[in-house]
Amino acid sequence: MSYSGLRWRCDPSGEDCVVITLDVPESPWKLTGQLARWLASQSIQGVVDIVPGVVTLGIYYQPEIMWRLDSQLSPYSQLVNRLEALLNSWQSAGKYQPREVVIPVCYHPEFAPDLTEIAEYCQLTEREVIDRHQARPVDVMMLGFLPGHPYLGLLDPCFTLPRKKTPRLSVMMGSIGIANRQSVIYPQQSPGGWNLIGCTPLKMFTPQTASPCLLQAGDIVRFSEITRQQFDTMYSENRNGD
């Protein structure tokens, strides 16, 4: 199927999910986040969640509702027909403006235990690594691994280093890692195998709020360097009331 260059495929995933896989030659994540927002605005009967990935959209639905709408057609077929009609009517939006979010980052050695190793791998100075990490905006490609955990890319081509062979058992909440031209931000203390370059005082995931994830697929992120003193101040402000 295609429309204005958009091509896709629908497949079942269990009895309550349809997976839309996009066939896009470049940066498919720029479309998945946009399509997820647009499909959510269409209020499709029976659909309870839309989850964008890098090249896919997971459309979760309630089969019992679909049966009530049309008992002659399976819930999966009903939903696929509706999705294909919507995708055929969708026009790539020059109107859509991605949200831009500035993420403050402290690159103090305490938060950047892998900075020296990263610099050696990339054949740069540590200062050059920091400058390049924040030099260009990056896309929020998807959320995954943990609630609110973003995958951000693509970074400067110099950052092609792999993840660590032996993951750490504990990584501090807010830590920022890089590997394979991507960056991640740990929303909570957890194990992790990314190369740590800094830390943000912002909270990525606040489950008690209406919008618990600070970032969403389709957003644009700009990293901005802060001092250790600024980090401590912002950290305290962001954790008041915890």
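Predicted model: local features only at pLDDT ≥ 70, side-chain atom pairs only at ≥ 80, totals over all residues.
Residues are numbered from 1 along each chain as its sequence is written, and side-chain values use heavy atoms, with hydrogens and water left out.

**Overall picture**

- The protein has 6 helices and 14 strands; helices (H or I, at least four residues) and strands (E, at least two) are DSSP runs, numbered from the N terminus.
- Along the principal axes, the C-alpha atoms fill a box of roughly 65 × 40 × 35 Å.
- Of the 242 residues, 45% are buried, where buried means under 20% relative accessible area, exposed over 50%, and partly exposed in between (1.4 Å probe, protein chains only).
- Among contacts (heavy atoms within 4.5 Å) between residues at least 6 apart in sequence, 61% join residues at least 24 apart.

**The nonpolar cores**

- A nonpolar core is a set of buried Ala, Val, Leu, Ile, Met, Phe, Trp, Tyr and Cys residues joined through side-chain atoms within 4.5 Å.
- The largest core holds 28 residues, and the members that touch the most others are Ile-103, Phe-159 and Phe-223.
- Two or more residues of this core come from each of strand E6 (100-106), helix H4 (115-122), helix H5 (126-133), strand E7 (138-143), strand E10 (175-179) and strand E14 (220-226).
- H4 gives the largest share of this core, with 4 residues.
- Beyond four places in sequence, Ile-103 touches residues including Ile-185, Thr-200, Leu-202, Met-204, Val-221 and Phe-223.
- There is also a second, separate core of 23 residues, with Leu-6, Ile-59, Tyr-61 and Leu-87 among them.

- Thr-200 sits in the loop between strand E13 (195-199) and E14.
- Thr-200 counts as buried because its relative accessibility is 1%.
- Its contacts, leaving aside neighbours within four places in sequence, are Ile-103, Pro-104, Gly-174, Ile-176, Ile-185 and Phe-231.

- Two packed helices are described by the angle between their axes and the distance between the axes.
- Axes here are lines fitted to C-alpha atoms, for helices over the stretch in contact, and angles run from 0 to 180 degrees between N-to-C directions.
- Helix H1 (residues 29-41) and helix H3 (residues 75-89) have axes that come within 12 Å and cross at roughly 115 degrees.
- On the H1 side the contact involves Leu-35, Trp-38 and Leu-39, which meet Leu-83, Leu-86, Leu-87 and Ser-89 in H3.
- The contact residues divide into 6 nonpolar, 1 polar and no charged; Ala, Val, Leu, Ile, Met, Phe, Trp, Tyr, Cys and Pro count as nonpolar, Asp, Glu, Lys and Arg as charged, and the others, Gly among them, as polar.
- Trp-90 has its place in the loop between H3 and E6, and is buried because its relative accessible area is 4%.
- Trp-90 and Leu-35 are 55 residues apart in sequence, with their C-alpha atoms 8.7 Å apart in space.

**Backbone features worth a look**

- Most residues other than glycine have a negative phi, and most peptide bonds are trans.
- A cis peptide bond, with omega about 0 degrees, joins Gly-153 and Leu-154; Leu-154 is in the loop between strand E8 (150-153) and strand E9 (168-171).
- Ser-27 has a positive phi, near 45 degrees, and lies in the loop between strand E3 (17-22) and H1.
- Arg-181 also has a positive phi, about 65 degrees, and lies in the loop between E10 and strand E11 (182-185).

**Pairs separated in sequence**

- Phe-205 is in the loop between E13 and E14, and counts as partly exposed because its relative accessible area is 25%.
- Phe-205 and Gly-148 are 57 residues apart in sequence and 5.1 Å apart in space, C-alpha to C-alpha.
- Glu-237, in helix H6 (residues 228-238), is 163 residues from Ser-74 in sequence and 52 Å from Ser-74 in space, C-alpha to C-alpha.
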